[in-house]
Amino acid sequence: MQISFSEQLRRTRKEKKLTVEQLANKVGCSKSYISQLENDVAKPSVTMLGKLSKALDGQIIDFFYDEQNNQKDIVVGVGGPERIIAQNCLVTSDDRRTIDYPDGKTRSQFLTRAVYQKKMQPILTIIEPGGESNQDGPLQHPPGSQEFIMVVKGEIEFDAEGKFFTLHAGDTFYFDGDVPHHWKNASDEVAEVLFIWTPAVW
C-alpha cells in the first residue's frame with residue numbers, strides 16, 4: 001500500500017532527527033506550514049517538494065514510497081544465459097504511484113519503480129484545463145540532467161528560458177534540465193504529457 005505524503009514526510013523528518021522548526025529553517029518556510037503538510041492540511045508545490053527532498057537527503061519519489069514494493073526477482077533464460085529480471089520492472093496501469101499537484105488540476109503518475117537503480121525516469125502527467133507545472137516560478141533541475149517531453153493528448157504551452165511554444169499531441173521537446181522552464185494547459189481540454197528525465201530528478 002502507498003503511504004500518504006504527509007505520513008512519509010513526518011516519518012522521514014523523524015528518521016533524520018529533525019524537529020519541525022529545524023526542517024522549516026532548512027527549506028525556508030514557517031513551522032506551521034510544515035505542520036500543515038504533515039497533517040495533510042496543505043499540499044506542497046513542486047518547488048517545495050524539491051526543497052524538502054534536498055533538506056532530507058533524498059528524492060521527491062521518496063515521499064511516495066510503496067510498502068509493497070518488495071516482490072521477488074524473476075529468473076529468465078530461454079535460449080540463452082539466465083538473467084535476473086526484478087519484479088519491479090513491471091508497473092501495471094492500475095498500480096502507478098501518483099502525485100496530486102496543489103492546484104487540484106494536475107497529477108503525475110510514476111511509470112517505474114526502484115528509481116535509484118535506473119538511468120532515466122519517466123512519468124505521465126495528466127493536466128486539466130488551467131493546470132500548470134508550478135505556481136511559484138519556473139522549474140530547474142540539476143546541472144547535467146536532460147529532459148524529454150512528448151504530448152500524448154491535447155496541448156500545452158511551454159516556456160523554456162523565456163522562449164514560448166505551443167506543443168500539440170505528437171509533438172516532442174528535448175532540452176537540458178537546468179534550463180528554467182514552465183508549462184501550462186491553457187486549452188479547454190485535458191492534456192496528457194510524457195516526461196522523461198536522465199538521470200532521475202524526482
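Which strand is Met150 found in? I found Met150 in strand 6, residues 146–153 (strands are DSSP runs of E, at least two residues, numbered from the N terminus).

Ground rules I jotted down: this is a predicted model, where local features need pLDDT of at least 70, side-chain atom pairs count only at pLDDT 80 or more, and totals for chains, interfaces and linings use all residues. Residues are numbered from 1 along each chain as its sequence is written, and side-chain values use heavy atoms, with hydrogens and water left out.

Back to Met150: I looked up its contacts (heavy atoms within 4.5 Å). Leaving aside neighbours within four places in sequence, Met150 touches Gly170, Asp171, Thr172, Glu192, Val193 and Leu194. Its C-alpha atom is 6.7 Å from that of Phe195, 45 residues apart along the chain.

Next, the cavity. I noted that a cavity is a set of points on a 1 Å grid over the protein atoms alone where a 1.4 Å probe fits but cannot get out, and lining residues have an atom within 4 Å of a point. A volume is the space filled by probe spheres set on the points, which are joined across faces, edges and corners.

I found one cavity of 30 Å³ or more. The largest cavity holds about 70 Å³ of space. It is lined by 13 residues, and the closest to its centre are Tyr101, Leu139, Trp183, Trp197 and Trp202. Strand 5 (121–127), strand 10 (181–184) and strand 11 (191–198) each give at least two residues to that lining.

Note on methods:
1 Å grid on protein atoms, 1.4 Å probe; cavity = no way out; pocket = protein on both sides within 12 Å on 5 of 7 lines; lining within 4 Å. Helix = DSSP H or I, 4+ residues; strand = E, 2+ residues; numbered from the N terminus.
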